[in-house]
Amino acid sequence: MQNKISISNLDFYYGKTQALDGISLEIPEREVMAFIGPSGCGKSTFLRTLNRMNDLIPGTKVDGEVLIDGKNIYASGTDVVALRRKVGMVFQKSNPFPKSIFENVAYGIRINRLHENKADLHARVEKALIDAALWDEVKDRLQTSAFGLSGGQQQRLCIARALAVQPQVVLMDEPASALDPIATQKIEELVVELKKDYTIVIVTHNMQQAARVSDRTAFFMLGKLVEINPTQKMFTNPDEKLTEDYITGRFG
Amino acid sequence: MEYRIIDQQLDLLREKLLLLGSTTENALQRAMKSLTSRDSDLARQVLEEDKIINQMEVDIDRFSVEILALQQPAARDLRFVISVAKITPVLERIADHAGNIADAALILNDQPQIKDLIDLPFMAQSAAEMLRTALDAFTSEDAAASREIIQQDRRIDEAYKRVFNDLLKLMIDDPTTTTSAAHLLFVAKHLERIGDYVKDICELNVYLTEAAFIKHSVEE
């Protein structure tokens, strides 16, 4: 499999505080990669470096390279809006717009002018909702407020919104941490389904979730990448003692 | 190192397994003694106490499942629970073989003794010794010791062949011994099987300590 994302010697600073230290790793196309590690280990910061979401935080600094499809996204002249379209993101807390279900999904398509006409817009919204496994639940109430949806549905709506602009990579920052087990299971099934078309990077505190959905798992600690391995190896026989201690709950 | 809730459960699981192991070893020793000392009361005791071993097996099974469901162990913890869950039925089967030997003793003790049982006590002693050291190796998580014990099974296999040939010759030479000799053949087979089961326990200890599956491999 070809590498979709290739990171080398990445350092990241919040002011003078170094949050990431010399991270290098490769993420192949159409792979689910999970990032695990204790709070404050840098995994979410690292996730946000992949679509330059950290640019929005003042006083931050990045050294090193993040190549997506071979292009350094930190090179000068990078179109950050296009980057974020290509590398979509879903957050811990669902954040639908105060609009209808339809408009939530249509929004990105409209501002990026991806549709040819009204029928095409509708088709794209429908496809995104189908891909996010939400269509059957909302098809008869597309014009009602997104806030009327359950927490799990709102999160899938946010996924649909991310998918609507045809990203290639989807970053998920603890997408199911605020959801009940049934809604969580739906998100996890969706991740496995989306893998067919997208490269997915997921940050999770739920170790079992990382074990269930990911192909490979990376363990972070104090801003460093401690270990990266196929998920089944990571959870049955990790190489590093630090990883073993973390996943068996000896600290963290 | 921090003491976790799961540690308490894993310690208890280990204790339960070791208790099953020592009870099984004891059953094997006493079954053989009932045969060599022609003590049918002892044989009946072994058979009676097999129920306790069966109950221990069920208890460990239940507890292993409980730990898997509630503690969701990973890495070495997971391998430990899996190893215990797989060693438990192996021990129970060893105890069944001990029961079968006790059954044979009940029949043989009513017959005239046909032969001094030189290789059979040797086989039984070797099997019991292997079992004890295998459980020690499991407790100390010593994979090297487990690998050594696996090699020792050859001695039991060789003794089995000798016993088989001796008993066969005896049956041909003196057909009146056939009934007793046939029962002794079964005893020898039970002991040979016990050696194989102890190997399984050793392989599971290698899995626990090194995460390596050596069953059916060239290493065997």
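B:Ala127 touches B:Leu28, B:Ile156, B:Leu191, B:Ile194, B:Gly195 and B:Val198, leaving aside residues up to four places away in sequence. The model is predicted. B:Ala127 also belongs to the largest nonpolar core, which holds 134 residues.

Helix 1 of chain B covers residues 5-36. At 1.5 Å a residue, its 32 residues should span 46 Å. The end C-alpha atoms lie 47 Å apart, which agrees with that expectation. Just after helix 1 of chain B, B:Arg38 adopts a positive phi of about 50°.

The contact between the chains involves twelve residues of chain A and twelve residues of chain B. On the side of chain A, helix 8 (207-213), helix 9 (231-236) and helix 10 (241-247) each give two or more residues. The residues on this side comprise five nonpolar, five polar and two charged.

Chain A also contains an open sheet of four strands, in the order 2-1-4-5. The pairing is antiparallel. Strand 2 (17-28) and strand 5 (71-72) of chain A form the edges, each pairing on one side only. Strand 1 (residues 3-14) of chain A is joined to strand 2 of chain A by eight bridges. A:Tyr13 stands opposite A:Gln18 of strand 2 in chain A.

Technical notes. Residues are numbered from 1 along each chain as its sequence is written. Chains are lettered from A and ligands numbered from 1 in the order in which they are written. This is a predicted model: local features need pLDDT of at least 70, side-chain atom pairs count only at pLDDT 80 or more; totals for chains, interfaces and linings use all residues. The expected span of a helix is 1.5 Å times one less than its number of residues. Two residues are in contact if their C-beta atoms, placed from the backbone, lie within 7 Å. Ala, Val, Leu, Ile, Met, Phe, Trp, Tyr, Cys and Pro count as nonpolar, Asp, Glu, Lys and Arg as charged, and the others, Gly among them, as polar. Two strands pair if DSSP finds at least two bridges between them. A nonpolar core is a set of buried Ala, Val, Leu, Ile, Met, Phe, Trp, Tyr and Cys residues joined through C-beta atoms within 7 Å. A residue is buried if 20 or more other C-beta atoms lie within 10 Å of its own, exposed if 12 or fewer, and partly exposed in between; C-beta atoms are placed from the backbone.
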